[in-house]
Amino acid sequence: MPAHGAIEHRREFPRTIALMAAACSQSSGDGDSSGSGGASASSGSSVGGSGSSGGSTSGDSTSGGSTSGGSTSGGSTSGGSGGTRPDDGSSGAVPSPGCGKTSAIRFEPVPNEPPNGFGEGGYVRIQSGGQNRGFAMRLPDNYDKNKPYWLVFGFHWNGGNSKEVDSGGTNGYNMAHFGLQKLSNNGAIFVAPDGLNGGWGGNNLPFVDDMVKLIEENFCVDTTHTFANGFSYGGGMSYAIACARANVFRGVAIYNGAVLSGCEGGNDPIAYWQMAGLADNTCTLDRARPMRDRFVQNNGCTPQNPPQPPQSPPYLNPGGAYLH
């Protein structure tokens, strides 16, 4: 499958990225969507930045300088803006059936950890589509079963796993759940599912549906604030969710993704943020632009064609650029 592998180029984050970010809004209230799932913002705008590219990512460096920082959070996915809790449960939240209940879920150790994830939680096993599936999960600090929390799914890259997203690898807490756990100030429910055979081929939407149902029935979730984000193959899975589950998910963020997991439907608006690596030879800009353009149209945005940032020379230090 032509998606990034978790090969051992752990500190090579060369070149620059193009960001495809929010440029218009159809929303009211908190500014990024209206109603329960559907959403506001997408665009055709591109700006430059520094970050990771291509098939050189593994668990301890999934995002290096690209998927964290202020760019993956903010108004487009979850986490709110730097360091504040995403929601206090009072801003039009719609509580899930699990609110007020004691969860029947028992957490197991996340396979292959340590390094360990951060906060209360662990691994959850689930039957879905006749298969044994599972996901790592972290609860907010001082979880209150009567308070609805935002729910954020993070999908790993080709050859990755839940442990690498959950723990942040050698980058630790700075990059746990693509950096959003820290940016949320441990204020949301974070989920890192395991793909089959290290990827997101076939139809994984029923698995997503089953996870959402299980979590909403056992924990207190604000059902108007469910998000997906992912890198490479995980970006493709997040795109599939944008296409098929805009009535459930509030928004998605895609880091160096492509149409790798399909696009069922793809006609509804959803808050949308996308990044592409200029020097990425797998999930290329040519593969990214049609994805962006679909949601520019769905979200009623004005198509734009801003200048593409220039290719940069390789970094002198192969460590690349880390954003904190």
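Predicted model: local features only at pLDDT ≥ 70, side-chain atom pairs only at ≥ 80, totals over all residues.

Trainee: Why is Phe 118 called partly exposed?

Mentor: Its relative accessible area is 27%. Buried means under 20%, exposed over 50%, and partly exposed is in between (1.4 Å probe, protein chains only), so Phe 118 counts as partly exposed. Tyr 173, at 26%, is partly exposed too.

Trainee: What makes the pair of Phe 118 and Tyr 173 tilted?

Mentor: Rings of Phe, Tyr and Trp (its six-membered ring) pair if their centres lie within 6.5 Å; planes under 30 degrees apart are stacked, over 60 edge-to-face, the rest tilted. Here the centres are 5.2 Å apart and the planes at 50 degrees, so the pair is tilted.

Trainee: And why is the pair of Trp 157 and Phe 178 called edge-to-face?

Mentor: Their planes are at 75 degrees, with the centres 6.5 Å apart, so edge-to-face it is. Trp 157 and Phe 178 are both buried.

Trainee: How do you know that the charged end of Arg 133 sits over the ring of Phe 207?

Mentor: A charge sits over a ring if NZ of Lys or CZ of Arg is within 6 Å of the ring centre and within 35 degrees of the ring normal. For Arg 133, the charged end is 3.9 Å from the centre of the Phe 207 ring, and it is listed as sitting over that ring.

How values were computed: Residues numbered from 1 in each chain as written. Heavy atoms only, no water.
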